[in-house]
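Here is a report on a predicted model. Read it with the structure open.

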Amino acid sequence: MTDLAEPTRTPSVGQPLHRKEDARLVTGQTRWTDNLTAPGTLHMAVLRSPMAHAGITRVDTAPALDQPGVIAAFSGADLADELGSLPCAWPVTADMVHPDHPPLAVAEVRYVGDAVAVVVARDRYTAADALEHIVADYEPLPAVVDMEAALADEVLVHAGKGTNTCFVWPFAGGDIDAAFDGADVVVERRFVQQRLIPTAIEPRAVLVEPVAAAGEYTVYSATQIPHILRLMLALTTGISEGKLRVVAPDVGGGFGSKLNVYAEEVIALVLAKRLGRPIKWTESRSEGYQATIHGRDQIQDVAIAAHADGRIRGLRVDLKADMGAYLQLVTPGVPILGAFMFPAIYKMDAYDFRCTGVFTTKTPTDAYRGAGRPEATFAIERLMDELAVELGVDPMELRRRNWITHEEFPYTTVAGLTYDSGNYEAATDKAMAMFDYDGLRREQAERRERNDRVQLGIGISTYTEMCGLAPSRVLGSLSYGAGGWEAATVRVTPTGKIEVVTGTSPHGQGHVTCWSQIAADALGVAFEDVEVLHGDTQVSPMGMDTYGSRSLVVGGVAVQQAAEKVIEKAKRFAAHLLEASEDDIDFSDGTFTVRGSPEATTTIQDVALAVFAAHDYPEGLEPDLTSDVVFDPENFSFPHGTHLCAIEVDTETGRSVIRSYVCVDDVGRVINPQIVEGQVHGGIAQGIAQALYEEAVYDDAGNLVTGTLVDYFVPGAPDLPSFTTGRTETPATSNALGVKGVGEAGTIASTPAVVNAVLDALRHLGVTDIAMPCSPERVWRALHDAREGATQASGTVASRPPHPEYGESPPQAPAIATQADLSGLDEGGQQ
Amino acid sequence: MPTISVKIDGTTYRDDVEARLLFVHYLRDRLGLTGTNIGCDTSNCGACTVLVDGHSAKSCTMLAVQADGCEVQTIEGLARGWAGASEPEGGQQDGWHPLQTAFHTEHGLQCGYCTPGMIMASVDLLADNPDPSEDEIRHGLEGNLCRCTGYHNIVKAVHAAATQMKAGA
Ligand code: FES
Ligand code: FES
């Protein structure tokens with residue numbers, strides 16, 4: 001009973017605790033890679049191809065070497081043997097075309113920005129100046145920018161390969177022909193996922209510090225993946241892992257763009273080895289726009305077949321995915337991740353998917369926040385709205401008729417994933433109430449009625465995603481080159497503090513805070529008494545790093561398990577110290593007690609000190625309170641939610657302004673609600689950016705027209721609204737913490753919600769589609785074309801504005817095929 | 001080479017600088033004041049924002065020679081109190097400016113790379129307008145890009161700091 005009088009520790013999981021990470025970030029005491037320097041550091045600059053495609057006829061670095069302050073300069077040919085080829089870890093098919101990817105081009109350049117030569121100088125200004133003294137001559141070759149043109153194989157990106165088709169990856173579930181034959185309704189559409197530039201605000205940077213005599217190298221890099229980078233650098237350069245230390249210091253955002261092994265990382269390592277001096281490189285933003293991966297860039301030809309009552313029969317997806325000029329780390333795998341998500345939360349009989357990877361003379365694509373899943377979610381959520389229009393049903397009602405109901409979990413989808421838990425009804429009901437769905441629909445009707453210049457649109461997205469990448473055997477079955485486990489170590493120090501070592505590599509997500517919360521509660525210690533160490537392969541040698549909304553679901557669960565293992569270990573020491581049987585020891589809130597003798601207690605801190613002293617401990621035990629765990633999840637996790645967007649579209653200027661944005665996300669159990677909300681906000685912002693603002697544009701010659709932050713529209717504070725966020729909580733059943741992951745959810749959900757809203761505002765004016773981003777110009781053109789179309793009474797509405805990649809004759813959205821009499825459908829009032 | 005004399009976070013520095021040296025490189029590479037970041041090469045992102053004679057300025061858009069004779073405050077000086085003679089108004093016990101505290105408590109940062117510039121721009125914003133509306137905050141920060149937060153909590157943080165500073169004034 002004495003226990004009751006003792007102060008109780010406040011549980012920290014579930015509390016919006018302020019972040020431990022912030023102190024140095026708000027005071028400027030940071031360690032970004034570009035802040036670091038070592039004695040004798042030399043600065044590297046990279047000469048890049050100004051042409052999209054050309055043979056290299058001459059690279060002469062000698063004039064650069066004559067410049068004062070220049071230490072060395074090399075062409076691709078000079079370093080070819082040492083540089084090797086950049087890795088791609090995801091050969092999605094056995095016959096995938098996998099061209100060599102030299103970090104410095106040797107014979108041919110294949111995109112604007114392809115690296116051609118490097119200089120090393122005593123300071124960054126001298127290095128940049130010296131680039132102008134390198135003579136590089138090119139024999140121009142034709143560019144191929146458009147994926148469909150590339151598929152004709154008239155211009156080959158890699159002539160030796162004989163084709164621009166990288167792979168064809170088919171996937172099917174159910175009898176698709178049966179689903180489409182005799183369907184009451186079939187809706188076909190083409191959607192274009194424009195190319196995006198991730199734009200983490202910290203540019204990429206790398207510093208390699210050698211101990212040349214010992215053959216040891218420390219690589220500091222602005223990377224999301226220090227562990228994978230170390231492995232890949234070892235494989236590429238032949239330096240053993242034990243002599244390579246990779247550190248991800250403070251990293252300023254990634255969004256997938258730092259989930260890679262880049263040319264400059266390999267070149268800097270090779271030069272540090274050659275020159276025996278520290279080598280540093282930091283990209284400029286404009287350089288990064290060419291040399292850091294891009295995202296999205298898909299053409300989606302999709303068709304949905306449904307019964308007259310709206311129930312879905314089948315879904316067909318024919319995807320073309322732009323690889324760019326080369327395969328980066330997971331380039332081919334990105335659209336394949338999406339393959340599983342097109343059926344989303346809906347029940348259907350059959351699904352047919354086919355993805356063609358295509359080479360073009362553009363910057364390589366790779367994972368960008370969501371990686372395949374935003375693209376898939378966009379297609380299905382846009383298609384659901386189109387189907388609703390076709391059937392004359394409210395789009396939410398159509399979704400209700402098709403989604404998996406909460407009683408049906410676990411549910412195996414037509415794509416073969418088993419969704420463990422969820423409650424789409426609950427999230428939707430809550431979101432609809434917060435949004436005032438019915439009120440907004442009334443206002444919309446009024447504005448239409450009075451032909452208001454500003455029309456109101458309501459957009460819906462009821463998404464799910466697969467995250468927590470990933471069960472290793474599933475990755476294996478998809479031919480990915482590694483597993484998806486995560487490592488954690490939990491250690492109780494002699495002073496009774498906790499050290500957590502994690503294999504995740506945070507760059508803004510708040511792992512230090514959240515892992516502290518998990519460990520504090522598991523061990524019954526104060527949140528402040530936990531330190532989390534990460535991002536340095538010498539400190540945390542095991543790890544699979546941070547991407548794919550995996551860190552909490554895999555890495556956080558590993559921390560929890562390691563803490564539990566520490567308690568199990570400590571119990572045996574406690575039993576010895578308390579002279580009791582281990583079976584009689586209970587542990588609660590940091591204290592070990594002996595069942596039946598309330599006075600016999602000891603704390604985990606006391607046990608830690610006794611274990612450290614090791615004067616008296618049981619036979620057969622080793623004196624330490626450390627536990628390691630490698631956790632390999634048994635399944636993905638499936639967060640879901642309902643996002644609702646109300647948008648006002650000015651029909652004269654084409655300008656869209658988001659009036660309200662409401663989302664209810666179910667990300668399972670929440671460790672820190674403030675951090676979860678922050679992830680949702682940032683995710684929504686990036687999804688809105690795709691819907692309304694951003695697009696990487698290439699001209700026909702393969703020049704990146706949006707090559708600077710002046711031309712590429714990253715939204716600022718005035719371009720975005722505040723968000724109303726809510727949550728429902730259906731714990732994941734696939735991990736002991738019940739967590740699902742949240743890093744990508746907002747991005748996945750928001751793009752279709754916004755575009756659906758824009759179209760909903762304009763549908764009655766004859767607009768049926770607008771290619772993203774729905775800029776004022778495109779909206780205006782769509783309205784203009786719709787009016788023209790109406791006056792020409794052609795019956796088809798060609799509302800797609802000119803697309804930068806397709807010019808004035810964009811691919812037409814196929815007409816809706818209606819195969820049955822739709823009369824008498826629903827409560828939409830057609831009866 | 002021109003010689004400049006510039007007072008930064010309370011310390012006066014005299015240096016010979018190349019005429020073309022950007023002020024942000026002077027701060028970072030010459031003085032090791034790496035609290036101020038660089039996020040672009042086109043004056044768009046605001047990561048490099050500092051106060052020059054009390055007004056926010058993008059230090060990537062200035063030459064070091066243009067700072068000659070100026071009084072400059074960076075995020076590092078803000079943490080230690082105002083660079084000028086007086087103590088920070090509404091300053092926190094731990095020496096943080098109310099904006100630093102508010103960005104922390106309102107979760108106005110994730111990766112934190114934009115944060116020094118965002119906070120310095122907000123200092124200027126609140127000096128001009130101690131009681132800004134949401135719209136005024138959003139427009140006041142339009143020269144500063146954040147890729148992580150969607151700005152929602154940045155706006156909240158500036159609001160919270162404004163309230164705190166008024167209470168402390
Ligand atoms: S670095 Fe100065 S505005 Fe971007
Ligand atoms: S917090 Fe990462 S860019 Fe703003």
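## Where chain B meets chain A

In this predicted model, 47 residues of chain B are in contact with 53 residues of chain A. Chain B and chain A bury about 4200 Å² between them. Carbon and sulfur atoms give 56% of that area.

Polar pairing also crosses this interface. The rule finds four salt bridges between chain B and chain A. In one salt bridge, the side chain of B:R147 meets that of A:E694, at 2.6 Å from N to O. Residue pairs in polar contact number 31 across the interface of chain B and chain A, with both residues at pLDDT 80 or more. Six helices of chain B each supply at least two residues of the side that touches chain A: α1 (23–30), α2 (75–79), α3 (98–105), α4 (115–128), α5 (134–140) and α6 (152–168). Among these, α3(B) gives the most, with four residues. By class, the side of chain B that touches chain A has 18 nonpolar, 19 polar and ten charged residues.

## Two domains in chain B

Contact between them involves 19 residues of domain 1 of chain B and 15 residues of domain 2 of chain B. The buried area is about 1300 Å², and carbon and sulfur atoms give 58% of it.

How many salt bridges and polar contacts link domain 1 of chain B to domain 2 of chain B? The salt bridge count is zero. The polar contact count is eight residue pairs, both residues at pLDDT 80 or more. On the side of domain 1 of chain B that touches domain 2 of chain B, the elements giving two or more residues are β3 (49–52), β4 (55–58) and α2 of chain B. That side divides into seven nonpolar, eleven polar and one charged residues.

## The hairpin of chain B

Strand β1 (residues 3–8) of chain B pairs with strand β2 (residues 11–16) of chain B. The sense is antiparallel, over six bridges. One bridge sets B:T3 against its partner B:D16 in β2(B).

Together β1(B) and β2(B) make a hairpin, with two residues between the strands. B:D9 sits in the turn and has a positive phi of about 50°.

## Domains of chain A

Chain A is assigned three domains. Domain 1 covers 22–29 + 485–631, domain 2 covers 33–141 + 203–251 + 258–291, and domain 3 covers 373–464 + 638–823. The C-alpha centres of domain 2 and domain 3 of chain A lie 40 Å apart.

What is the contact between domain 2 of chain A and domain 3 of chain A? Seven residues of domain 2 of chain A are in contact with ten residues of domain 3 of chain A. These two domains bury about 580 Å² between them, 59% of it on carbon and sulfur atoms. Across their interface the rule finds zero salt bridges. The side of domain 2 of chain A that touches domain 3 of chain A has four nonpolar residues, two polar and one charged.

## A three-stranded sheet in chain A

Three strands of chain A form an open sheet in the order β4-β2-β6, with antiparallel pairing. Both β4 (108–109) and β6 (135–140) of chain A stand at the edges with a single partner strand each, so one side of each is left without a neighbour in the sheet.

Strand β2 (residues 54–60) of chain A runs antiparallel to β4(A), and two bridges join them. A:G55 stands opposite A:E108 in β4(A).

## Backbone points to check in chain A

Two cis peptide bonds deserve a look. One joins A:F409 and A:P410, with omega about -10°. A:P410 is found in the loop between α12 (395–402) and β16 (411–412) of chain A. Another cis bond runs from A:L469 to A:A470, with omega near -5°. A:A470 lies in the loop between β18 (454–464) and α15 (472–477) of chain A.

A:D589 is not a glycine, yet has a positive phi of about 50°. Its place is the loop between β22 (585–588) and β23 (591–594) of chain A.

Note on methods:
Residues numbered from 1 in each chain as written. Chains lettered and ligands numbered in written order. Predicted model: local features only at pLDDT ≥ 70, side-chain atom pairs only at ≥ 80, totals over all residues. Heavy atoms only, no water. Pairing = 2+ DSSP bridges. Contact = heavy atoms within 4.5 Å. Buried area = accessible area lost by both parts, 1.4 Å probe. Polar contact = N/O pair within 3.5 Å; in protein donor to acceptor, adjacent residues only side chain to side chain. Nonpolar A, V, L, I, M, F, W, Y, C, P; charged D, E, K, R; others polar. Domains from an automatic or database assignment.
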